[in-house]
Amino acid sequence: MITRFAPTPSGYLHLGNAANAILVSWLAQQHGGTLALRIDDMDATRVRREYVEDVFTLLTWLHVPWQSGPEDVDDFDAGFSMRRRTEYYRAELRAAQARGLEVYACTCSRSQLTSPATGGCPGGCRTAALPYEVGRTALRAHVPRGTLISVDGAVIPVDEVIGDAVLWRRDDLPAYHLASVVEDRDAAVTHVVRGRDLVESTALQLFLAPYLGAEGFVETAFVHHGLVTGNDGAKLSKSQLSTGGRLPRTEQQRDEVLRTAAALGVPHGIASAT
Ligand SMILES: [Zn+2]
């Protein structure tokens, strides 16, 4: 049994991230499994060294042990930065195309995508056969009409809720979903714990997995837990969750993290993806 904590260091980790670290740690302990640490630093414009450092000090402060992945910031820089693997992800995307995934270049800006891109992007780029050009186009995966993926007992129409997802960004970097599935495949992750708001992302990743040679990913057990809410029960946005500063490393704060994790639901009942 292998699970992972996979934060994106584009800011200091917030209460939701900390609670997720506790949940994956509990899950690994219950199963006598392994917790892998993966730091997704692909987004070079937002990642900062102090945010990477924050991941290690947070886990240490929460007494969350991890058994694989970088030991500290220097170790991360030396051998675990995902940014150094851009060409590897590019080759993975080509391999996915060779396995039959239809990918097309798209010039549409994010602001044009006001609703899920059922049937393709709004500009009709799919049939235009545009070349990929850094700074001008992104690469999208075509999600055929009627693509239904079952997650946690729910059937998700991926073409309707996600549409043709970007797999390669216009700044010549892999998009999150591509890198995430490849990393989970390579680490042989068996259990993924994430918020309920990512169920649709999970469905897209399950759609992509066979093309990425990640047949094992289809067998992954997913736990989609509740979301961190405010006193009024409303979901907190990322900006509300984060004060912009580092979570205070106090006993009181640690208690709040543990309470939050418990409230999200201890992942006993593991739902299978299929
Ligand atoms: Zn387009």
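**A helix pair and a sheet**

Biologist: At what angle do the axes of helix H1 (residues 15-31) and helix H10 (residues 251-264) cross?

Modeller: This is a predicted model, in which local features need pLDDT of at least 70 and side-chain atom pairs 80 or more, while totals for chains, interfaces and linings use all residues. Residues are numbered from 1 along each chain as its sequence is written. Helices (H or I, at least four residues) and strands (E, at least two) are DSSP runs numbered from the N terminus, and axes are lines fitted to C-alpha atoms, for helices over the stretch in contact, with angles from 0 to 180 degrees between N-to-C directions. The axes of H1 and H10 come within 8 Å and cross at roughly 70°.

Biologist: How are H1 and H10 oriented to each other?

Modeller: Angles of 65 to 115 degrees count as roughly perpendicular. H1 and H10 are therefore roughly perpendicular.

Biologist: How many nonpolar residues are in the contact of H1 with H10?

Modeller: Leu15, Ala18, Ala19, Ile22 and Leu23 in H1 meet Val257, Leu258, Thr260, Ala261 and Leu264 in H10 (C-beta atoms, placed from the backbone, within 7 Å). Ala, Val, Leu and Ile are among the residues that count as nonpolar. The contact has no charged residues, one polar, and nonpolar ones numbering nine.

Biologist: Which strands are at the edges of the sheet?

Modeller: Three strands form an open antiparallel sheet in the order S3-S4-S7, where pairing takes at least two DSSP bridges. Four bridges join S3 to S4 (residues 138-141). The edge strands, each pairing on one side only, are S3 (103-106) and S7 (166-168).

Biologist: Which residue in S4 stands opposite Val103?

Modeller: S3 and S4 run antiparallel. Opposite Val103 in this pairing stands Ala141.

Definitions and conventions
Angles under 35 degrees count as roughly parallel, over 145 as roughly antiparallel, 65 to 115 as roughly perpendicular and the rest as oblique. Two residues are in contact if their C-beta atoms, placed from the backbone, lie within 7 Å.
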